[in-house]
Amino acid sequence: MSENILKISGLKIAYGGIQAVKGIDLEVNKGELVTLIGANGAGKTTTLKAITGTLPNCRVEGNILYNGQPIRGVQSFNLVRKNLAMVPEGRGVFTRMTILENLLMGAYIRDDKETINADIEKWFGVFPRLKERAAQLAGTLSGGEQQMLAMARALMSHPKLLLLDEPSMGLSPIMVEKIFEVVRAVSAQGVTILLVEQNAKLALQAAHRGYVMDSGLITMTGKGKDMLDDPKVREAYLGEG
Ligand SMILES: Nc1ncnc2c1ncn2[C@@H]1O[C@H](COP(=O)(O)OP(=O)(O)OP(=O)(O)O)[C@@H](O)[C@H]1O
Ligand SMILES: [Mg+2]
């Protein structure tokens, strides 16, 4: 049995004449926290959308294996049933529902209903801010709190792979630190995560492994810690050198 949860090979994606992804290989093993970093427009979100079956009409080539099964072109609602969860850019919590209701929505595909409450308590342990506000409408939460709720809701579906698209985007520095703490805590619970981030430093500090994407190509990969020390990464992505 392979330990791969996700194995992407030779992935190419073109929107009309624009080649957004130009043939990339990327894998995520069971239990890993892997980060995909890179500048605006590098193709990170496009790559995540290819995994979750949410691309608009465009040309896709290459292979995406999830749990050893090809999923390229599989519709997103079928992937949720395979325990693949994504927290998209901009989050999308149900603003007119309470936090608790949002979490219950996250569990709708589960058939082990009796363990849902225990699970809510478990994730409230990781996200204490949400516990304090369980009865509050999600629309009244701060941006960072909504991000946490979106993550917690995704976790309620028991994902085998959790995809996070720029969870720190638009948040204050303190909230960014908090979000990364939470991502680490979720990873420490054994959840396999692919984290797309522009905050290269925090992402590489948190991740087991990283990939750098630049103009549709993977230009570098390695252990998070090693990449933090790499002069090329430091110069191009950490604003040093
Ligand atoms: N629906 C679309 N139609 C046409 N071009 C698109 C579409 N979505 C993305 N693109 C283009 O594909 C390229 C990659 O975009 P993508 O959103 O994947 O980048 P990204 O790495 O996620 O950037 P960011 O960090 O800014 O979110 C960009 O040049 C973008 O303009
Ligand atoms: Mg993006």
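In strand E2, Gln 19 is the bridge partner of Ala 14. That pair belongs to a predicted model. Strands E1 and E2 sit in an open sheet of four strands. A second open sheet has six strands. Helix H1 lies across strands of the six-stranded sheet and across strands of the four-stranded one. Helix H1 also gives the most residues to the shell around ligand 1.

**The four-stranded sheet**

- The strand order is E2-E1-E4-E5, and the pairing is antiparallel.
- Strand E2 (18-29) and strand E5 (69-70) are the edge strands, and each pairs on one side only.
- Strand E1 covers residues 4-15 and pairs with E2 in the antiparallel sense over nine bridges.
- Leu 11 has Ile 24 in E2 as its bridge partner.
- E1 and E2 form a hairpin, with two residues between them.
- Gly 16 sits in the turn of this hairpin and has a positive phi of about 55 degrees.
- E1 also pairs with E4, in the antiparallel sense, over seven bridges.
- Ser 9 has its bridge partner in E4, namely Asn 63.

**The six-stranded sheet**

- Here the order is E6-E7-E8-E3-E9-E10, and the pairing is mixed.
- Strand E6 (84-87) and strand E10 (217-223) stand at the edges. Each has a single partner strand, so one side of each is left without a neighbour in the sheet.
- From one strand to the next, the twist averages 15 degrees.
- Strand E3 (residues 33-37) pairs with strand E8 (residues 193-197) in the parallel sense, over five bridges.
- Leu 36 stands opposite Val 196 in E8.

**Helices across the sheets**

- In the six-stranded sheet, H1 lies across E3, E6, strand E7 (161-165), E8 and strand E9 (209-214). H1 runs at about 150 degrees to E7.
- In the four-stranded sheet, H1 lies across E1, E2 and strand E4 (59-66). There H1 runs at about 115 degrees to E1.
- Helix H7 (residues 173-188) lies across E3, E7 and E8. H7 runs at about 165 degrees to E8.

**The ligand and its shell**

- Ligand 1 is surrounded by 14 residues. The closest are Asn 40, Gly 41, Lys 44, Thr 45 and Thr 46.
- By type, the shell divides into five nonpolar, six polar and three charged residues.
- Helix H1 (residues 44-52) supplies three residues to this shell.
- The side chain of Lys 44 has an N or O atom 2.7 Å from an oxygen atom of ligand 1.
- For Gln 198, an N or O atom of the side chain is 2.9 Å from an oxygen atom of the ligand.
- Glu 89 has a polar side-chain atom 3.0 Å from an oxygen atom of ligand 1.
- Taken alone, ligand 1 exposes 640 Å², and the protein buries 65% of that.

Notes
Residues are numbered from 1 along each chain as its sequence is written. Chains are lettered from A and ligands numbered from 1 in the order in which they are written. This is a predicted model: local features need pLDDT of at least 70, side-chain atom pairs count only at pLDDT 80 or more; totals for chains, interfaces and linings use all residues. Side-chain values use heavy atoms; hydrogens and water are left out. A residue is near a molecule or strand if one of its heavy atoms lies within 4 Å of it. A polar contact is a pair of N or O atoms within 3.5 Å; within protein, one must be able to donate a hydrogen and the other to accept it, and residues adjacent in sequence count only if both atoms are side-chain atoms. Accessible areas come from the Shrake-Rupley method with a 1.4 Å probe; for residues, only the protein chains shown count as cover. Ala, Val, Leu, Ile, Met, Phe, Trp, Tyr, Cys and Pro count as nonpolar, Asp, Glu, Lys and Arg as charged, and the others, Gly among them, as polar. Two strands pair if DSSP finds at least two bridges between them. Axes are lines fitted to C-alpha atoms, for helices over the stretch in contact, and angles run from 0 to 180 degrees between N-to-C directions. Contact means heavy atoms within 4.5 Å.
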